[in-house]
Amino acid sequence: MVDLWHHGDREVGDGLVDLAVNVRVSAPPDWLLARLTDSLSTVAAYPDVEGARSAVAARHGRQASDVLPTAGGAEAFTLLARAWPTRSPVVVHPQFTEPEAALLAAGHDVTRVVLDAANGYRLDPRLVPEEADLVVVGNPTNPTSVLHPATAIRELVRPGRLVVVDEAFLDAVPGEPESLAAERIRGIAVVRSLTKTWGIAGLRAGYVLAEPDVADRLAAVQPPWSVSTPAAVAMAACSEQHAVDEAAALARAAEADRLRLVDGLRGLGVEVAGEPRAPFVLVRVPEGEKIRLALRAAGYAVRRADTFPGLGPDWLRIAVRSEMDGFLAELKTLL
């Protein structure tokens, strides 16, 4: 039985180098911390997300009615599971497990479409059953780090079907290629998160971009004031042009770090899945669980990947960091 509720934060611990959690930075930048600190002077009032909604809309070239701020990207999946009248939901795996977990918790039967390692975990729209009325796919996908063509995702659109694209990591890909966030497309909803790039996992800040009728349906089941004042401030601040530019610079740095890591892993003979594009990589090593525990004993926490449907105990997910030489040296001694 796959543990869909297992996430990378359960792998970390005191004294361990964190290569398990996909939050790119250890703390928010000073300008964001200052904005968050200032917001605390207003927390006596109930949260108001209208400023965040307008800022996010402007950042993506959308209308404010297309935006629903959420308590992290994960809340969006809970809202979808509760609000969308699905009879035949499909989740494309391997991917972030929260969408399926939310659907199951809401009482839905979920069909899994599992992509093939031999095909580089690339999306084949023909694998999705025609009767599917809700399809969830990550882009780039966690944990495979594969970036699917926008054309392939568009091919999933059908009358009466909602295609949900989890773009939680697309701002970590230089230029945000293959994104559908800037377009209002009938039958497509995009989920975004600010957690990964800006180091605010504890704040829970994300949003949905969708047609107004979809956004309104989700809002109707959202708990009142679920998005806190600091989270709303973070959404507005991280949507400003200087923040978008800074995220682009961070993405370029992450890309360079990832390329060095992939070269180092392949130099050790480690199988790296697909063509990684996000700031994490999926690898397969013999006796992966044994290797994971040995790395942990040596001070390195990596993410077990057998809790992602379609993967097994030999698969591990490794977050990209700027300094990976020590990790690669330790891994070499274990292979």
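## Strand S6 and its partners

In this predicted model, Val164 stands opposite Ala189 in strand S7. Strand S6 covers residues 162–166 and strand S7 residues 188–193; the two run parallel and are joined by 4 bridges. Val163 also has a bridge partner in S7, namely Ile188. Strand S5 runs parallel to S6 as well, with 5 bridges joining the two. Here Leu134 stands opposite Leu162 in S6.

Is S6 enclosed or open to the outside, and why? Buried residues are those with under 20% relative accessible area. In S6, 5 of the 5 residues are buried, so the strand is largely enclosed by the rest of the structure. In a regular strand, side chains alternate between the two faces of the sheet. In S6, Leu162, Val164 and Asp166 point one way, Val163 and Val165 point the other way, and all are buried.

## The seven-stranded sheet

S6 belongs to an open sheet of 7 strands with mixed pairing, in the order S2-S8-S7-S6-S5-S3-S4. Strand S2 (67–70) and strand S4 (111–114) are the edge strands, each pairing on one side only. On average, neighbouring strands of this sheet are turned by 20° against each other, direction ignored.

Helix H3, residues 72–83, lies across S2, S5 (134–138), S6, S7 and strand S8 (206–209). The helix runs at about 115° to S2.

## The five-stranded sheet

Another open sheet has 5 strands, also with mixed pairing, in the order S1-S11-S12-S10-S9. Strand S1 (17–19) and strand S9 (271–272) each have a single partner strand, so one side of each is left without a neighbour in the sheet.

Within this sheet, strand S10 (residues 280–284) and strand S12 (residues 315–319) run antiparallel and are joined by 5 bridges. Leu282 has Arg317 of S12 as its bridge partner.

Which strands does helix H10 lie across? Helix H10 (residues 288–297) lies across strand S11 (300–304) and S12, and runs at about 150° to S11. Helix H11 (residues 325–334) packs on the sheet and touches S1, S11 and S12. The direction of H11 makes about 75° with that of S11.

## Annotated domain

An unreviewed UniProt entry places the feature "domain: Aminotransferase class I/classII large" at residues 18–323. The span 18–323 is 34% helix and 17% strand.

Methods
Residues numbered from 1 in each chain as written. Predicted model: local features only at pLDDT ≥ 70, side-chain atom pairs only at ≥ 80, totals over all residues. Heavy atoms only, no water. Pairing = 2+ DSSP bridges. Contact = heavy atoms within 4.5 Å. Axes fitted to C-alpha atoms, helices over the stretch in contact; angles between N-to-C directions. UniProt positions renumbered as here; feature names shortened; annotations may be inferred. Buried < 20%, exposed > 50% of the residue type's maximum accessible area, 1.4 Å probe, protein only.
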